[in-house]
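The sequence and the model are shown below.

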Amino acid sequence: MNRDILSILVLNGPNLNLLGLREPELYGRQTYADLEDYIRRSAMELGCACEIYQSNHEGVLVDRIQAARGVYGGIVLNAAAYTHTSVAILDALKAVEIPTVEVHLTDIRSREPFRQHSYVSLAAIATVVGKGFAGYREAMEILRNRLIG
Ligand code: DQA
């Protein structure tokens, strides 16, 4: 791990690869590639290094969280639907003890009742909801302020 620059793993869960196509009235018309560009630009402006990874598979996300130990100083996680179901992702976050900020494009607190519970929140140092792409920048800023000052 480079100790001078904060290195952040940005992890995105299932169906986020379909941004732009999926429920555009909720998630907007910008694509996943647009989101990646936005995150890379934001990381550069904040002086952070970032790696972005998306998977539709719970176990792959668990593997990536486990492998992040000793490599990344912080995690930005949009676990998408697994937010509401995955004890395995929660346990992985607890195991690695890497400061994690949870992000959701939409405001899960004002959507269907089943979206209002988040397992990820139980391990996250902060949660940013309902701010679209800007939520990812805010999450990286929170990590930078918390970890570098
Ligand atoms: C989401 C909200 C989740 O409830 C949903 O399953 C997603 C996206 C969001 O970014 O708003 O896939 O995490």
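In strand β4, Glu-102 is the bridge partner of Leu-77. The description rests on a predicted model. From β3, the chain passes through helix α4 (residues 87–96) to reach β4, and this β-α-β crossover is right-handed.

Strand β3, residues 74–78, pairs with two strands, β1 and β4. Its pairing with β1 is parallel, and Ile-8 stands opposite Gly-74 of β3. The pairing with β4 is likewise parallel. The table lists the bridges for each pair.

| Strand pair | Residues of the partner strand | Sense | Bridges |
|---|---|---|---|
| β1 and β3 | β1: 7–12 | parallel | five |
| β3 and β4 | β4: 100–104 | parallel | three |

How many of the residues of β3 are buried? Five of its five residues are, and the strand is accordingly described as mostly covered. The cover extends to both faces: Gly-74, Val-76 and Asn-78 are buried on one side, and Ile-75 and Leu-77 are buried on the other.

The remaining topic is the largest pocket. The space in this pocket amounts to about 160 Å³. Its lining comprises 15 residues, and those nearest its centre are Tyr-27, Ala-80, Ala-81, Arg-111 and Arg-115.

Note on methods: Residues are numbered from 1 along each chain as its sequence is written. This is a predicted model: local features need pLDDT of at least 70, side-chain atom pairs count only at pLDDT 80 or more; totals for chains, interfaces and linings use all residues. Side-chain values use heavy atoms; hydrogens and water are left out. Buried means under 20% relative accessible area, exposed over 50%, partly exposed in between (1.4 Å probe, protein chains only). Helices (H or I, at least four residues) and strands (E, at least two) are DSSP runs, numbered from the N terminus. Two strands pair if DSSP finds at least two bridges between them. A crossover is right-handed if, with the strands pointing away from the viewer, the path from the first strand over the helix to the second runs clockwise. On a 1 Å grid over the protein atoms alone, a cavity is a set of points where a 1.4 Å probe fits but cannot get out, and a pocket is an open set with protein on both sides within 12 Å along at least five of seven lines; lining residues have an atom within 4 Å of a point. Grid points are joined across faces, edges and corners, and a volume is the space filled by probe spheres set on the points.
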